[in-house]
Amino acid sequence: CVIGKSEPHSGGSIWTFVRVYTDEGIVGTGECNSAGIFPSGFATKETVLTLKDLLIGEDPFNIGPLYEKMRRRGRYAGGNSAPFTFALTGIENALFDIVGKALGVPVYKLLGGQFRDRIRLYADCHAGETNEPAAYAARAQEVVAEGYSAVKFDVDHKADAKLDRHNWTVGAAEMTHIVDLIAATREGIGYDVDLAIDCHGQFDLPSAITLAKAVEDLRLMWLEEPLPAENIDALAQVRASTSTVICTGENHYTRFDFLELLRQKAVDVIMPDLAKAGGILEAKRIADMADTHYIPVAPHNVSSPLGMMAACHVLASIPNFLVLEFHGREISWWEDLCIGDKPFIQSGWMEVSDSPGVGVELDETVARSLLWNGDVYFVAP
């Protein structure tokens, strides 16, 4: 089913949830994020339903073989891209939820154990409609006071100084404004708090290089997606030009995309979105591959508490985790949507659930009230 409700600065809070039912009465739920590319979520939902027949009668413990069976069925239909990979992610997460519940263990124990029992978060922040340095600094200070040790802000607002709104070039006045935003935020929180800056892939190559070099002394945690995701060679040029840490990955899917990022030395930090990159096992493979390059993992995340907890199980099980995004501070119903050990977020951290499976369930009453565009709730077989 597709759940969500638009709110200002919500990150497109529209999510697709998948349920897999077993003949022993165990039910698994998985989340796949489809907000960024398919705002309705229905394209992902239809893809999930086309894969249904490949699962009926199968052993849910065979997660790996079932995943490959579904993935290979989609080879000639965009099997390594959205929305097919989004659908695979939700189904695979639901299978992990089933296996954990059947064995009475949390998902992280199925992945080899636990390096950490709580997950450090960074808050994706907004300064409202005021695109001014002072507003950025004030909002950053407000969020840090809540206990967060890391924050992120966007700088791709297409300010009035933009000379041409159709190209990717940042003019002199806009570049000055962007650098001022970043500098004011850094000054507001000091150098003991991590600061990330997101460009949303909105700049061209010379603009990205200019910005990366201009903020080198501000010691960013990373500069995110300075270029569109599709040209890895160009991103490698940005990384080679600067000491500013370069991060990308929310628009890359499966280990094959991340293999190219690592091969071409295009990135310092990877940020797969674990609700759409291919699944729990695929996330573990991506992280292990990055670890061989000494690259940390800092996933993109705009999920509900259920999808976010699934990500936390993965991040508990890998050594090279850096920090996880939290995009729900300004979604009034974010915590209400799910049942689990609340509060889910405490002073900038999320505890990893020790309950069987993912450890978080949808609150059916709240979920039904948030069905998107007339969608129907799950119908048990």
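Select Glu31, Asn93, Leu274, Ala275, Gly279, Ile280, Ala283, Gly307, Ala310, Ala311 and Val314: these residues line the largest cavity. On a 1 Å grid over the protein atoms alone, a cavity is a set of points where a 1.4 Å probe fits but cannot get out, and lining residues have an atom within 4 Å of a point.

This is a predicted model, in which local features need pLDDT of at least 70, side-chain atom pairs count only at pLDDT 80 or more, and totals for chains, interfaces and linings use all residues. Residues are numbered from 1 along each chain as its sequence is written, and side-chain values use heavy atoms, with hydrogens and water left out.

Next, colour helix H10 (280-291) and helix H11 (305-316), the elements that give two or more residues to this lining. Helices (H or I, at least four residues) and strands (E, at least two) are DSSP runs, numbered from the N terminus. H11 gives the largest share, four residues.

The volume of the largest cavity is about 60 Å³, where a volume is the space filled by probe spheres set on the points, joined across faces, edges and corners. There are four cavities of 30 Å³ or more.

Now move to the largest pocket, with about 880 Å³ of space. A pocket is an open set with protein on both sides within 12 Å along at least five of seven lines. Select Arg19, Val20, Tyr21, Lys52 and Pro381, which lie nearest its centre among 32 lining residues. Then show strand S2 (14-21), helix H1 (42-51) and helix H3 (84-103), each supplying at least two lining residues. S2 supplies the largest share, six residues.
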